[in-house]
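Let's take a walk through a protein model together. Have a look at the picture first, and then we will go from one part to the next.

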Amino acid sequence: MRLLDRLTRADQRTTVLFNRINHCRIPARLFAVVSRLGNGVLWYCIILALPLVEGVVAVRVSLQMVAVGLVSYLLYRWLKRSTGRARPCQAHDGVLHSVAPLDEFSFPSGHTMHAVAFTIILLASYPTWGLAVAPFTVLVALSRMVLGLHYPSDVIAGALIGALMATFSIVLMGAVQ
């Protein structure tokens, strides 16, 4: 059996395991709320509130988050169209989804990509925000699998892309200053 076939099967099995949580009403609702907040609502609020809470100097961090969000979104859209990977809830009968997907394709997880990127950028300048945003970022990543919208490899890829984009922007901003 080829390595890719084994990895794909493991990805599918893990998806089904995570998705079992979605069959329980209370956790399903919790992860649905987390997913909706992860659509951008919470991040937009943080981006707008950051200068109010941390002062005018935080405008740079908010603008950095916006810039990384936009560039990441363009990369994410291109990858989605290029790979055309069906979502688990569309590809497997046993995978239940309780939240409608925002688009057709699965790879990579945009929710996770943005959550990781924004968290890294925010924590690089304001580590005290970590207690609030780091657990939320983990819940966003988990929600994508629990809700049957992404495979673990989609979430891992989204997290890696987000981390790379954030790190690149931090290095770039350091070089500019």
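**A loop residue and its neighbours**

Not counting residues up to four places away in sequence, leucine 147 touches Asn19, Asn22, Ala28, Phe31, Ala32, Ser35, Leu96, His97, Ser98 and Val99; contact means heavy atoms within 4.5 Å. You can find leucine 147 in the loop between helix 6 (130-146) and helix 7 (152-176). Helices here are DSSP runs of H or I with at least four residues, strands are runs of E with at least two, and both are numbered from the N terminus. Is leucine 147 buried or exposed? Leucine 147 is buried, because its relative accessible area is 0%; buried means under 20%, exposed over 50%, and partly exposed in between, using a 1.4 Å probe and protein chains only. One of its contacts is Phe31: leucine 147 and phenylalanine 31 are 116 residues apart in sequence, yet their C-alpha atoms are 7.2 Å apart in space.

Before going on, a word on what you are looking at. This is a predicted model, in which local features need pLDDT of at least 70 and side-chain atom pairs count only at pLDDT 80 or more, while totals for chains, interfaces and linings use all residues. Residues are numbered from 1 along each chain as its sequence is written, and side-chain values use heavy atoms, with hydrogens and water left out.

Now step back to the whole chain. It has seven helices and zero strands, and along the sequence the pattern reads α-α-α-α-α-α-α. The C-alpha trace spans about 50 × 35 × 25 Å along its principal axes. Of the 177 residues, 42% count as buried. Among contacts between residues at least 6 apart in sequence, 78% join residues at least 24 apart.

Proline 27 gives another example of a pairing across the sequence. It sits in helix 2 (residues 25-54) and is partly exposed, with a relative accessible area of 27%. Proline 27 and valine 146 are 119 residues apart along the chain, and their C-alpha atoms are separated by 9.1 Å.

Next, look for aromatic rings. The structure holds three aromatic pairs. The rings of tyrosine 73 and tyrosine 76 have centres 5.8 Å apart and planes at 40°, so this pair is tilted. For the cut-offs, rings of Phe, Tyr and Trp (its six-membered ring) pair if their centres lie within 6.5 Å; planes under 30 degrees apart count as stacked, over 60 as edge-to-face and the rest as tilted. Both tyrosines belong to helix 3 (residues 59-83), and because they are three residues apart there, about one helical turn separates them. Tyrosine 73 is partly exposed at 41% relative accessible area, whereas tyrosine 76 is buried at 9%.

Elsewhere, ring pairs link Trp43, Phe118 and Phe136 into a cluster. Threonine 119 counts as buried, because its relative accessibility is 7%.

One last stop is a peptide bond. Most peptide bonds are trans. Here, a cis peptide bond joins phenylalanine 107 and proline 108, with omega about -10°. Proline 108 lies in the loop between helix 4 (88-91) and helix 5 (110-125).
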